[in-house]
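Biologist: I would like to learn how to read a model of this kind, one feature at a time. Could you give me the general idea first and then the case in hand?

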Amino acid sequence: MWGNGADPDRDGLTNLVEFYLGTGPKVLRLSPATASVPGTPFLSIVTVSGQQYPAITFTRRINTGCSVTGAAEWSSAMQTWSSAGFVDFGSVLTLPGGEFQLITRRYTGAQSSTPRVFLRCNVTAAAP
Ligand SMILES: [Ca+2]
């Protein structure tokens, strides 16, 4: 029931991911992250200079006190994933309490030239 890979509330997010995102590991809550409350990542299409781009918004714990990191990643067929090719979109916002930031990462491939792309937030912990 416990450990980085456990999912006691059965929401599909492991304890490690919930720690990083700031969602409760024992509370089933799938609300998207907002400027005031940590939550689950969500996808959007953003426009820059008339071009549309896929983007992912997520909360991230800052000063984790351990080696937990997260990164936006993309894939064309969900076989291999890459964290290259992302830039920040808009401002990185520190949430009330100072433990989390809300960040939007924009994939740099324009939607018009990238017919299909999958995005995710991959959370990892370095081996002790
Ligand atoms: Ca969970």
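Modeller: Helices (H or I, at least four residues) and strands (E, at least two) are DSSP runs, numbered from the N terminus. By that rule the chain holds 1 helix and 7 strands, and from the N terminus on the order of its elements is α-β-β-β-β-β-β-β. This is a predicted model, in which local features need pLDDT of at least 70 and side-chain atom pairs count only at pLDDT 80 or more, while totals for chains, interfaces and linings use all residues. Residues are numbered from 1 along each chain as its sequence is written.

Biologist: Which strands pair with E6, and in what sense do E2 and E6 run?

Modeller: Two strands pair if DSSP finds at least two bridges between them. E2 and E6 run antiparallel and are joined by 7 bridges, with threonine 57 standing opposite threonine 104 in E6. Strand E4 (residues 86-88) also pairs with E6 in the antiparallel sense, over 3 bridges, and here aspartate 88 stands opposite arginine 105. E5 and E6 pair antiparallel over 2 bridges, where leucine 93 has leucine 102 as its bridge partner.

Biologist: What lies between E5 and E6?

Modeller: The two strands form a hairpin with 5 residues between them, and glycine 97 in the turn has a positive phi of about 100°. Proline 96 lies in this loop, between strand E5 (93-94) and strand E6 (100-107).

Biologist: Is proline 96 buried or exposed?

Modeller: A residue is buried if 20 or more other C-beta atoms lie within 10 Å of its own, exposed if 12 or fewer, and partly exposed in between, with C-beta atoms placed from the backbone. Proline 96 counts as exposed because it has 9 C-beta neighbours inside 10 Å. E6, by contrast, is mostly covered, with 7 of its 8 residues buried.

Biologist: Which residues have the most contacts inside the largest nonpolar core?

Modeller: A nonpolar core is a set of buried Ala, Val, Leu, Ile, Met, Phe, Trp, Tyr and Cys residues joined through C-beta atoms within 7 Å. The largest one has 17 residues, and Val17, Ile56, Phe58, Tyr107 and Cys121 have the most contacts inside it. Helix H1 (15-21), strand E2 (51-61), strand E3 (68-75), E6 and strand E7 (118-125) each supply at least two residues of this core, and E2 gives the most, with 4 residues.
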